[in-house]
Amino acid sequence: MRLLIMGPPGAGKGTQAVDLATSIGGAHISTGDMFRENLANQTELGKLAQSYMDAGQYVPDEVTNGMVRDRLAQPDAAAFVLDGYPRTADQVAELDDILASMGAKLDGVISLVVADREELVQRMIKRAETSGRADDTEEVIRKRQDVYDAETAALVPIYAERGILHEVDGIGSIDEVAARIAGVVETLQTAAKA
């Protein structure tokens with residue numbers, strides 16, 4: 001199974017993606033984790049990514065696309081949950097190309113929906129306080145919400161048109177949201193067997 005999980009910053013994508021990857025026996029592929037790993041190792045990519053992340057901006061496509069292409073080629077990525085990619089319509093086209101070159105396609109896109117933007121901002125501020133993530137200032141958090149609305153939210157109709165979008169209410173406990181996602185996955189697995 002090849003899945004994409006998306007939703008605005010603070011919707012709980014990362015938390016849900018880890019458990020979802022485990023449940024499908026696949027790799028959790030997070031561009032944020034890839035960037036942070038490069039930051040920790042002070043690679044050139046990490047330094048470049050840091051300058052964009054500190055400003056609340058997305059890292060340029062050519063950098064991200066190369067990382068994702070390399071990661072999806074690894075043996076453990078036969079099944080996967082993508083988290084944080086694609087973020088733009090251009091990246092959707094790039095992902096389509098990457099998967100087509102592998103003879104694969106996305107089985108489903110799970111979109112976590114959180115209508116109350118202020119709840120997302122407060123979630124992320126709380127996360128910043130508990131995790132010590134220096135890039136999570138309120139100003140940067142609000143900027144990320146704006147960037148999501150301007151760029152990534154536009155992917156929802158693309159995947160809806162393909163018939164693979166599944167919207168899931170992102171409000172509730174981690175377990176409640178996970179149960180909703182599990183219901184979607186069960187539906188996808190049933191459809192794949194039919």
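Reply: A salt bridge here is a side-chain nitrogen of Lys or Arg within 4 Å of a carboxyl oxygen of Asp or Glu. This is a predicted model, in which local features need pLDDT of at least 70 and side-chain atom pairs count only at pLDDT 80 or more, while totals for chains, interfaces and linings use all residues. Residues are numbered from 1 along each chain as its sequence is written, and side-chain values use heavy atoms, with hydrogens and water left out.

Me: What makes E44 and K47 a salt bridge?

Reply: Their closest N and O atoms are 3.7 Å apart, and the limit is 4 Å, so the pair qualifies. Both residues lie in helix α3 (residues 44-54), 3 residues apart; helices are DSSP runs of H or I with at least four residues, strands runs of E with at least two, numbered from the N terminus.

Me: Why is E44 called exposed, and K47 partly exposed?

Reply: Buried means under 20% relative accessible area, exposed over 50%, and partly exposed in between, with a 1.4 Å probe and protein chains only. E44 has 62% and is therefore exposed, whereas K47, at 42%, counts as partly exposed.
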